[in-house]
Amino acid sequence: DTTVNITCKSPLATTHESLPVENQGNGYYNCTWDSTLKTPGYWDIRINSTKNYYHKNSTWFNDWFYLQNSPTTYTIIPVTPNEGGWGLSYNYSIQIDDADNDDVVCTLYVSTDGGSYFESQTPITITNGHGTCSWLLNFTCSEIGNDNYYYFVLNDGYNTVTTEILQGPNITKDTLEISVVSGDDDEVNRNSGTLTLKVYVKDIEKNEPVGNNIPVKFNITYNGKDYLTVAEVNTSLGYATYNFAPDCQYEVGYQNWTTSIQQQTCYKDTFSDTWNLTIKGSLFAKVIQPTNAKEYYKGENVSIRFNVSEDCNNPIDPDYLNLSVKSVYGNKVYYLPYFQESIGYYNSTFESTQKPPRYYDVRVYAEKQFFNPIDYTESNSFWIETLPTIQLISASVESEQGGNVGGWGETWTFR
């Protein structure tokens, strides 16, 4: 029998025996060689044959076949999310498999201008050619739109594979969230107080404060239902602050306030929750008469007139009203009934009979819901004078001459 050996030599001059070699008869031999993970390129074949009583033969067949390296196969994982705000991070991934276990270099190309220009991203190498290449990319506000495309290039050292071009992601404006910092359920005095309304604006996609100089509108009701836009304040480090100082344009009582961000290039229209505040007015009292220690004789009636108004100079009827007069001499207090003349105007009468003399103060105390109370005293409002009583108590009159007869120039003695 003839002995046949077949050897394959790689482009790198390494040899590989091909076993087994099968005798098919009539001088024909066959073997199957596994090319898996073998070096690509031209390969040589050597056939050695020996047979008893015959000369040996060894023949090289140079460049007998070309071993083609298989291109890398892939599966594109669609960009996630497929749509979202520009502040999100977007994941681009491709799953690769290289039949020859070659190291594969993946490169991502991204366009944000409709495909006119593609920018390459940092290449990623997958050792032995099996795995996933992934990139996490961020965008800017200027790249908002649906004209975004991408593709991958895979290189295993022998083959370069360029994938199809895919559309995505659709980049939108970012979403904002406005939360209250101060000013909710707080009180402020009309015409004299200031309440700090402060909000914090968060970029939801970026999970951080919104950038500086984003205008925030502050809206406050003036009659409990209708809003006024009172200010537009730019953000700073995510905060926007407005110092609210209500005047007579605002009614007292419960009011609402909100904020909003609208018509911005980079952000969706955003409206805050509705928060509450309470505006309080102030009550004022004035004693119209008597004033400046007006004098009355003991026993006379003292007519008292006074009025109650609020901080916008409007007369007002309080929910509770108290009128009293105090004697400065002895500090005795007399509480008086009163009668209403018109809205906010009242009168009363103080009977001075059997009352101590000297100065009297008039005190007005009033309360009303949503108003600061007033406790006003008109000091030395009036004076009670006691009339003197004159009585002649002399029993006799005597002139210098004695008796009750004498000239006008004489000295008279009254006893």
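Select Asn313 first. At 68% relative accessibility it counts as exposed (over 50%; under 20% is buried, and partly exposed lies in between, with a 1.4 Å probe and protein chains only). Its phi is near 65°, a positive value in a residue other than glycine. Asn313 sits in the loop between strand 29 (301-310) and strand 30. Strands here are DSSP runs of E, at least two residues, numbered from the N terminus; helices are runs of H or I, at least four.

This is a predicted model: local features need pLDDT of at least 70, side-chain atom pairs count only at pLDDT 80 or more, and totals for chains, interfaces and linings use all residues. Residues are numbered from 1 along each chain as its sequence is written, and side-chain values use heavy atoms, without hydrogens and water.

Next, go to Asp63. Its phi is near 45°, again positive in a residue other than glycine. Asp63 belongs to strand 6 (residues 57-67). With a relative accessible area of 48%, Asp63 is partly exposed. Most residues other than glycine have a negative phi, and most peptide bonds are trans.

Now look at two prolines. The peptide bond from Gly168 to Pro169 is cis, omega near -5°. Pro169 is in the loop between strand 16 (166-167) and strand 17 (170-172). Gln289 and Pro290 are also joined by a cis peptide bond, with omega about -5°. Find Pro290 in the loop between strand 27 (275-289) and strand 28 (294-297).

Turn to the rings. Phe, Tyr and Trp rings (the six-membered one for Trp) pair if their centres lie within 6.5 Å; planes under 30 degrees apart are stacked, over 60 edge-to-face, the rest tilted. The count is 29 aromatic pairs. Select Tyr320 and Tyr365: the centres are 6.1 Å apart and the planes at 65°, so the pair is edge-to-face. Tyr320 lies in strand 30 (residues 320-327) and Tyr365 in strand 34 (residues 358-367), so the pair ties together parts 45 residues apart in sequence. Tyr320 is partly exposed at 40% relative accessible area; Tyr365 is buried at 19%. Then select Phe218, Tyr242, Phe244, Tyr250, Trp257 and Trp275, which form one aromatic cluster.

Finally, zoom out. The chain has 0 helices and 38 strands. Its radius of gyration (over C-alpha atoms) is 54 Å, well over the 22 Å that the globule rule gives for 415 residues, so the chain is more spread out than a compact globule. That rule is 2.2 Å times the number of residues to the power 0.38. Along its principal axes, the C-alpha trace spans about 210 × 35 × 35 Å. Buried residues make up 36% of the 415.
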